Amino acid sequence: MAEQRRGTDGADGTHGADGAGEAGGSGGAAGSAWAPEAYGEAAAAWEALVATARRTVADGLVVGTSGNVSARVGDLVLVTPSGVPYDRLTPADITGVDLAGRQVLGTLVPTSELPMHLAVYRTSDARAVVHTHAVHATAVSTLVTELPPVHYMAGALGGVVRVAPYATYGTDELARNMLRALDGRSGCLLQNHGTITHGASLDQAYDRTAQLEWMCRLWLTASSVPGLTPNLLTEAHMAEAGARLKGYGQRR
């Protein structure tokens, strides 16, 4: 990759970096040959991360190399690299940073949205983050300051979905805006940008992203009917649904 690595200040004030300097520089395994068999848990997580990233494309949540995905393994954050089509990623392309943003695995430059991913991991117990440019969700982000509560599944994200004010992509300002919108939530919209969700697993984070896009599409569809206004759920409705959704599904 020819893209220049650059330093960033983390959303919590900690100085980090999108990369570790020039390939082959300091930073643990950065710049060195990576042997998948030497990192069992990380290798498995990377495989799942790549599969999830490819799913965002297949399901129409992103176009090209937009959006990004990450997963946390201990204090290691695996993240999709910047500007690389997901169908070209291989086990040897693993890209990982520590919680300060220093690259410790791989030589490809991490996603430019690294500040958002690290901000989530530093402030929550999330194990996975999915960021997309889903069409309906992005459209809604340009119209309102929060997604109107048209469906009880918003309770699965913690309540009414907020819209984080616009800031330039890849900046600490955007990461800070996102954290405020995520307070008490596991997903939010990013104004004129897209979506971000997190979860205890890649599957959960992805499912929340897909559900958020569906709710945005639902609201846009309902609100487009001439002469009619969508019925909205009350706070009490949302609270009751949220409580019931905590016990939804099979117990393991």
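Modeller: Start with a definition: buried means under 20% relative accessible area, exposed means over 50%, and partly exposed lies in between, with a 1.4 Å probe and protein chains only. Helices (H or I, at least four residues) and strands (E, at least two) are DSSP runs, numbered from the N terminus. In helix α1, the residues Ala42, Ala43, Ala45, Trp46, Leu49, Val50, Thr52, Ala53 and Thr56 are buried.

Colleague: Where does this model come from, and how are residues numbered?

Modeller: This is a predicted model: local features need pLDDT of at least 70, side-chain atom pairs count only at pLDDT 80 or more, and totals for chains, interfaces and linings use all residues. Residues are numbered from 1 along each chain as its sequence is written, and side-chain values use heavy atoms, with hydrogens and water left out.

Colleague: How many helices and strands does the chain have?

Modeller: Six helices and 10 strands. The chain has 252 residues, and buried ones make up 51% of them.

Colleague: What covers the buried residues of α1?

Modeller: The cover includes β3, β4, β7 and α5. Just after α1, glycine 60 takes a positive phi of about 75°.

Colleague: Why is alanine 205 called buried?

Modeller: Its relative accessible area is 0%. The cut-off is under 20%, so alanine 205 is buried. Alanine 205 lies in helix α5.

Colleague: Which residues is alanine 205 in contact with, leaving aside neighbours within four places in sequence?

Modeller: Contact means heavy atoms within 4.5 Å. By that rule, alanine 205 touches Ala128, Val129, Val130, Thr197, His198 and Gly199. The C-alpha atoms of alanine 205 and histidine 131 are 9.3 Å apart, and the two are 74 residues apart along the chain.

Colleague: What makes strands a pair?

Modeller: DSSP must find at least two bridges between them. Strands β7 (residues 128-132) and β10 have five bridges and run antiparallel. One of the links joins valine 130 to its bridge partner in β10, threonine 197. Strand β9 (residues 187-190) pairs with β10 over four bridges, also in the antiparallel sense. There, leucine 189 has threonine 195 as its bridge partner.

Colleague: What holds paired strands together in general?

Modeller: Strands of a sheet pair through backbone hydrogen bonds, either parallel or antiparallel.

Colleague: What is the strand order in the open sheet?

Modeller: It runs β6-β5-β4-β3-β7-β10-β9-β8, eight strands with mixed pairing. The edge strands are β6 (103-105) and β8 (163-164), since each pairs on one side only. Helix α4 (residues 172-182) packs on the sheet and touches β8, β9 and β10.

Colleague: Why is β10 called largely enclosed?

Modeller: Six of its six residues, 194-199, are buried, so the rest of the structure largely encloses β10. Both faces are covered. Gly194, Ile196 and His198 are on one side, and Thr195, Thr197 and Gly199 are on the other.

Colleague: What makes a set of residues a nonpolar core?

Modeller: A nonpolar core is a set of buried Ala, Val, Leu, Ile, Met, Phe, Trp, Tyr and Cys residues joined through side-chain atoms within 4.5 Å. The largest one here has 22 residues. Trp46, Leu49, Val69, Leu78, Leu89, Ile94 and Leu202 touch the most other members. Helix α1 gives the most to this core, with six residues. A second, separate core has 21 residues, including Val79, Leu118, Ala175 and Leu182.

Technical notes:
Axes fitted to C-alpha atoms, helices over the stretch in contact; angles between N-to-C directions.
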